[in-house]
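Here's a quick tour for anyone opening this structure for the first time. Have a look at the view below, then read on.

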Amino acid sequence: MPFIDLKTQYKALQPEIQRRINQVLEHGQYIMGPEVKELEEKLAAYTGAKHCITVASGTEALLISLMALGIKAGDEIITTPFTFVATAEVIVLLGAIPVFVDVEPDTGNIDAKLIEAAITPRTKAIMPVSLYGQAADMDEINAIAARHGNIPVIEDAAQSFGAEYKGKKSCNLSTIGCTSFFPSKPLGCYGDGGAIFTNDDAIALACKEIRVHGQSQRYVHTRIGVGGRMDTLQCAIVLAKLDRFDHEVEQRLLIGQRYNKILGEAGVTTIVQRSDRTSIFGQYTVRVQDRTNLQKYLNECGVPTAVHYPVPLDEQPAYRDLCKAGHTPASKKIAGEVMSLPMSPDLTIDDQDKICAALLAGIKQ
């Protein structure tokens with residue numbers, strides 16, 4: 001049983017994927033080919049954002065967004081310690097300081113009630129993460145940012161493309177939204193890729209120039225930039241997947257809700273989904289005790305698992321001395337308990353039943 005079933009998805013999409021790839025091979029524009037613009041237009045329309053800028057990865061999306069905002073050494077960026085390292089990595093790469101705010105114990109998302117106390121005159125952005133595919137309390141976060149001089153808010157939506165918050169799409173909930181097309185993401189390519197979304201014309205222009213080494217036109221470098229373009233072939237693959245994406249979103253919701261029902265009724269602690277938003281279940285995650293032995297048991301039963309994430313960023317060796325961390329007990333507790341189960345839109349009911357039965361048997365051991 002695969003943790004994420006990409007083979008079944010490929011079989012369903014094989015003719016269109018091959019057609020799209022062959023189209024790129026025929027025209028030969030492997031960098032910034034026509035599929036790049038086509039994908040950007042379709043993704044912007046999907047989210048409702050005015051601009052979409054494709055980039056080389058989800059990490060590059062975050063880095064370029066911070067660069068577009070003019071983040072520099074000594075600036076402070078408020079974010080969560082319970083996330084993948086890229087969220088803090090891009091802050092530190094610019095010489096800025098991650099300011100870690102604790103998470104909600106039931107969702108794992110940044111606790112909006114704690115953000116205001118972390119704001120200082122050096123705060124230049126707030127970066128909530130839409131963990132496991134569910135947006136944080138974006139209205140509350142945007143309101144706090146507005147009260148403090150319109151601090152830019154960047155949604156790290158690497159795991160949540162396709163999810164909704166109060167009727168709006170993730171990636172179009174704040175100043176900037178960033179997502180990833182890493183193969184395991186809800187909408188993935190077959191390598192690295194990502195995208196930036198914004199309704200701000202100036203930010204969009206800056207992101208477009210930064211991703212091509214800061215060029216406003218060929219060999220005219222008006223900004224410091226990076227080599228941050230998304231390959232035409234990867235854009236073509238995402239385009240091929242878009243036709244099936246609405247179906248996959250629907251299936252993810254159904255599978256996630258079925259997990260919730262089966263496991264919730266059995267007393268397993270699951271990640272809570274708020275009633276005013278959806279989760280795309282970028283990961284389906286439960287909280288368990290004695291995780292190491294439970295993972296070993298499940299592996300013996302043929303059920304793969306993963307841990308997202310075992311060590312909060314404020315406890316990581318590379319970041320302990322480069323961040324400002326407040327009191328983060330919820331992050332530390334949840335990091336010791338979370339375990340992700342197989343999740344993909346093509347997960348069968350039989351396999352899901354096997355997963356749940358194995359998990360419940362393992363817990364009772």
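**Salt bridges**

Arginine 258 forms a salt bridge with aspartate 353, and their closest N and O atoms are 2.9 Å apart (a salt bridge is a side-chain nitrogen of Lys or Arg within 4 Å of a carboxyl oxygen of Asp or Glu). Arginine 258 sits in helix H7 (residues 232-265) and aspartate 353 in helix H10 (residues 349-364), so the pair ties together parts that are 95 residues apart in sequence. Helices (H or I, at least four residues) and strands (E, at least two) are DSSP runs, numbered from the N terminus.

Bear in mind that this is a predicted model, where local features need pLDDT of at least 70 and side-chain atom pairs count only at pLDDT 80 or more, while totals for chains, interfaces and linings use all residues. Residues are numbered from 1 along each chain as its sequence is written, and side-chain values use heavy atoms, with hydrogens and water left out.

- Arginine 258 is partly exposed, at 27% relative accessible area, and aspartate 353 is partly exposed too, at 32% (buried means under 20% relative accessible area, exposed over 50%, partly exposed in between, with a 1.4 Å probe and protein chains only).
- The structure holds 25 salt bridges.
- One of them joins the side chains of glutamate 16 and arginine 20 (3.5 Å, N to O); both lie in helix H1, four residues apart, about one turn of the helix.
- Arginine 20 is buried, with a relative accessible area of 7%.
- Glu16 and Arg20 also belong to a salt-bridge network with Arg19, Glu38 and Lys42.
- Aspartate 75 meets lysine 72 in a salt bridge (3.6 Å, N to O), and aspartate 75 is buried at 6% relative accessible area.

**Aromatic pairs**

- There are 11 aromatic pairs in the structure (rings of Phe, Tyr and Trp, the last by its six-membered ring, pair if their centres lie within 6.5 Å; planes under 30 degrees apart count as stacked, over 60 as edge-to-face and the rest as tilted).
- Phenylalanine 82 and tyrosine 309 make an edge-to-face pair, 6.3 Å centre to centre with 80° between the planes.
- Phenylalanine 82 is in the loop between strand S2 (76-79) and helix H4 (86-93), and tyrosine 309 is in the loop between helix H8 (291-300) and strand S14 (324-325), so this pair ties together parts that are 227 residues apart in sequence.
- Phenylalanine 82 and tyrosine 309 are both buried.
- Tyr46, Phe161, Phe181, Phe197 and Phe245 form one aromatic cluster.

**The open sheet**

- Four strands make an open sheet in the order S4-S2-S3-S14, with parallel pairing (two strands pair if DSSP finds at least two bridges between them).
- Strand S4 (123-127) and S14 stand at the edges with a single partner strand each, so one side of each is left without a neighbour in the sheet.
- Strand S3 (residues 97-100) pairs with S14 in the parallel sense over two bridges, and the bridge partner of phenylalanine 100 in S14 is alanine 325.

**Helix H3**

- Helix H3 (residues 58-68) has 10 of its 11 residues buried, so it is largely enclosed by the rest of the structure.
- Serine 57 caps the N-terminal end of H3, with a side-chain oxygen 3.3 Å from the backbone nitrogen of threonine 59.
- Following H3 is glycine 70, whose phi is positive, near 80°.

Conventions:
Polar contact = N/O pair within 3.5 Å; in protein donor to acceptor, adjacent residues only side chain to side chain.
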